Amino acid sequence: MNSGRFIVLTLTICMLAACIGCAHTVKFSYDPGVAPAPTLPCPVALSLSKAFTSYEHATSLSFFTDEVHAPFGAALQKYATYVAQSVFGDVQVLDGQPPRSEAKLLLIPRVTSLDLRQISPGSDRTASGALGVQWDFNNPKTGQTLFSVPVQCESSHRAGFFGSKSPEKTLAPVAVGLMTNLTSITIQRFNASKDIQRLSGH
């Protein structure tokens, strides 16, 4: 084997070896706390699908980025419950049962987009992300969608010059920032919605 082929083979083996174990799980904790007094009090039902409460974001291995798994389901469940209780107060979280007869709206949130961007060449040591959720407001008796409220937010985290640049360390604060921003923006959008005010009797 000539030296050129040996060098190429060695580099290939090294690159393959470097990729072994390059799958990361981004673990983060999000707790919005106790919901404040509702701003538009009225009885509503909240339906959280399994796809929503077990949502996981995954990215594939590439030349510049590692494979990443980020479980968002638990955080999304807390977010949806907190938002509904902060705005409406009297919230029936459905678990297979139909909405109560007094419920004025049936709320169904779903994830429309989620992007987590790792630190990579040209990113200036900054990890970032974007998250979108759409809330459908349905008639609790017929299930018909009356209107929808899309919500979008972004978040970023810049690693220190000597700080860790691993996805576990840099994407966790991005995920927390996304959930925090999403919560704030969603409540603002709900409180400003004329449709919600009209259908909730305000």
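User: Why is Thr81 called buried?

Analyst: In this predicted model, local features need pLDDT of at least 70, side-chain atom pairs count only at pLDDT 80 or more, and totals for chains, interfaces and linings use all residues. Residues are numbered from 1 along each chain as its sequence is written, and side-chain values use heavy atoms, with hydrogens and water left out. Buried means under 20% relative accessible area, exposed means over 50%, and partly exposed lies in between (1.4 Å probe, protein chains only). Thr81 has a relative accessible area of 19%, so Thr81 is buried.

User: Where does Thr81 lie, and what is Thr81 in contact with beyond its neighbours within four places in sequence?

Analyst: Thr81 lies in helix H3; helices (H or I, at least four residues) and strands (E, at least two) are DSSP runs, numbered from the N terminus. Leaving aside those neighbours, Thr81 is in contact with Leu46 and Leu48, where contact means heavy atoms within 4.5 Å.

User: What makes Asp136 and Arg110 a salt bridge?

Analyst: A salt bridge is a side-chain nitrogen of Lys or Arg within 4 Å of a carboxyl oxygen of Asp or Glu. The closest N and O atoms of Asp136 and Arg110 are 3.8 Å apart, and therefore the pair meets the definition. Asp136 belongs to strand E7 and Arg110 to strand E6, so the pair ties together parts that are 26 residues apart in sequence.

User: Which of the terms buried, exposed or partly exposed applies to Asp136 and to Arg110?

Analyst: Asp136 has a relative accessible area of 14%, so Asp136 is buried. Arg110 has 39% relative accessibility and therefore counts as partly exposed.

User: How many salt bridges does a search of the whole structure find?

Analyst: The search finds five salt bridges. One of them joins Arg117 and Asp115, with the closest N and O atoms 2.5 Å apart. Arg117, at 35% relative accessibility, counts as partly exposed, and so does Asp115, at 32%.

User: Why is Arg198 called exposed, and what is the term for Asp195?

Analyst: Arg198 has 54% relative accessibility, so Arg198 counts as exposed. Asp195, at 32% relative accessibility, counts as partly exposed. Asp195 and Arg198 form a salt bridge, the closest N and O atoms being 3.2 Å apart. Both lie in helix H5 (residues 194-199), three residues apart, about one turn of the helix. Elsewhere, salt bridges that share partners join Asp90, Arg100 and Glu102 into one network.

User: What makes a set of residues a nonpolar core, and which residues touch the most other members of the largest one?

Analyst: A nonpolar core is a set of buried Ala, Val, Leu, Ile, Met, Phe, Trp, Tyr and Cys residues joined through side-chain atoms within 4.5 Å. The largest nonpolar core has 48 residues, of which Phe72, Tyr79, Phe88, Trp135, Phe137 and Met179 touch the most other members. Among the elements that give two or more residues to this core are strand E2 (44-46), helix H3 (73-87) and helix H4 (167-192). H4 supplies the largest share of this core, nine residues.

User: How many helices and strands does the chain have, and what share of the residues is buried?

Analyst: The chain has five helices and eight strands, which run α-β-β-α-β-β-α-β-β-β-β-α-α from the N terminus. Buried residues make up 41% of the 202 residues in the chain.
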